[in-house]
Amino acid sequence: YSESETISVKGMTCSHCEESVIKSLKKITGVKDVSVELKTGEVEIEGSGYDLDEIKKTIIDLGFKV
């Protein structure tokens with residue numbers, strides 16, 4: 001089964017920001033797919049068994065606010 005989570009992220013301003021978030025989150029165990037909506041700052045994560053705290057920490061480490 002697959003779960004989906006939407007996180008609000010502040011500070012993403014361009015396609016490079018979007019790419020770095022997607023690339024970094026896809027490396028996390030259990031994350032199958034990531035989509036980013038720059039206008040709203042929403043990051044949608046799909047997968048199963050992933051660690052939400054790890055996802056948030058990864059986003060913060062990239063320089064964005066969760």
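Setting aside residues up to four places away in sequence, S35 touches E42, V43 and E44. The model in which these contacts are found is a predicted one, and S35 itself belongs to strand β2, which runs over residues 31-37.

The next element to consider is helix α1, which comprises the twelve residues 15-26 and spans 16 Å from its first C-alpha to its last, close to the 16 Å expected at 1.5 Å a residue. Within α1, the buried residues are C17, V21, I22, S24 and L25, and what covers the buried residues of this helix includes strand β2, strand β3 (42-47) and helix α2 (52-61).

Helix α2 can be followed through T58, which has its place in that helix. T58 has a relative accessible area of 18% and is therefore buried, since the cut-off for that class is under 20%. Once neighbours within four places in sequence are left aside, the contacts of T58 are with S24, L25 and I28, and of these residues S24 and L25 are among the buried residues of α1. The side chain of T58 also reaches the backbone oxygen of E54, at a distance of 2.7 Å.

Terms used:
Residues numbered from 1 in each chain as written. Predicted model: local features only at pLDDT ≥ 70, side-chain atom pairs only at ≥ 80, totals over all residues. Heavy atoms only, no water. Helix = DSSP H or I, 4+ residues; strand = E, 2+ residues; numbered from the N terminus. Contact = heavy atoms within 4.5 Å. Expected span 1.5 Å × (residues − 1). Buried < 20%, exposed > 50% of the residue type's maximum accessible area, 1.4 Å probe, protein only. Polar contact = N/O pair within 3.5 Å; in protein donor to acceptor, adjacent residues only side chain to side chain.
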